[in-house]
Amino acid sequence: MKRRTNYIHPLLIFIAMQIIWLSLLALWIYWYVSNYKLVQEFGAKYLPDFFQSTTRVQFFTLIFGLILFIILLAGMYFVFIFLTKQININLLYETFIANFTHELKSPLASIQLYLETMSRRKIDAKTQEEFLGRMLQDTQRLKRVIDAILDISQIEQRKKMFNRELVSVKETFPQLIKSSQQQFKIPEKNISLKVECDGFVKIDRDAFQIVFSNLVDNAIKYSAGNLQIDIRIFKQGKNLIIEFSDDGIGIHKEDQKQIFQKFFRVSRSHLPDIRGTGLGLYHVREIIRGHEGKITVFSQGIGKGTTFTIALPLINIKDRESTFRLAKKKGLLK
């Protein structure tokens, strides 16, 4: 679990420093103004010519000093922001190493155990087949983790090009959801799907397979008991809306604002310590953004489930017809 970063001590020190600097400035200005009249009377009486030139110098010195002081305060502020960001980066790096190491070590240890058992003992064909199946699952888990990290890196560097194609909502999305259901071996009764839109969208099938797989995996991890996932797909204005709801443990209101951040993991005393890389929902958000869409999360609180809402732009009739004509011209359609 990612620990919450507490910046109250450096923040209080920074605020205290600013108060001290401002207090010194206020005292300086007060001293200057309070003594100015006395000095003015003395200079006008005894040194009128010298006092006039000195007054101008003092005035410009005061203004220049104020400008330098403001620059100093601004510099301290930017240094504080920079150090805060560096602390965040270091914490993210440590969290990534810890989570990623566990996600690699756990399946590798499992594969090693099965291989050692098979090499040291004579096991029947049925058990051997079971071991091979579990090792295959572990290798697939390793592949998903590594692929996710590489994919996210490419997306962040803008090197990832999504292979978007025009697809039917009623045909494609049930297939993707069915594939995720089979991947995690979820009974059909545990997933409810309602498709109330017969429009078209342009998506990368493989990328959206990752989206649904991550959402299903998240629902399984944070399920309080019997898993139940409700998916509703419908049209709202010019957008396709996908509501992905589960009856899991829910998300605290404060955590909902950070749930899509990289490496963020919900850390609450009453929640189980569920391992992971903390990249799943961040990966989902980046894929949705790459499709000009938006994803939000809502939960009424702990124990009341979670709903993820995805909005994607629908292709209107003119765009759809022009796309089909272009595809037919290129020989992609018969």
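Phe 173 and Phe 208 are both buried (under 20% relative accessible area, with exposed meaning over 50% and partly exposed in between; 1.4 Å probe, protein chains only). The model is predicted: local features need pLDDT of at least 70, side-chain atom pairs count only at pLDDT 80 or more, and totals for chains, interfaces and linings use all residues. Residues are numbered from 1 along each chain as its sequence is written, and side-chain values use heavy atoms, without hydrogens and water.

Rings of Phe, Tyr and Trp (its six-membered ring) pair if their centres lie within 6.5 Å; planes under 30 degrees apart are stacked, over 60 edge-to-face, and the rest tilted. The rings of Phe 173 and Phe 208 have centres 6.1 Å apart and planes at 90°, so the pair is edge-to-face. This pair links distant parts of the chain, 35 residues apart: Phe 173 lies in helix α4 (residues 169–183) and Phe 208 in helix α5 (residues 205–221). Helices (H or I, at least four residues) and strands (E, at least two) are DSSP runs, numbered from the N terminus. Phe 173, Phe 208 and Phe 212 form one aromatic cluster.

The charged end of Arg 232 sits over the ring of Phe 234, 3.9 Å from its centre (CZ of Arg or NZ of Lys within 6 Å of the ring centre and within 35 degrees of the ring normal).

Trp 21 is found in helix α1. Trp 21 is partly exposed, with a relative accessible area of 31%.
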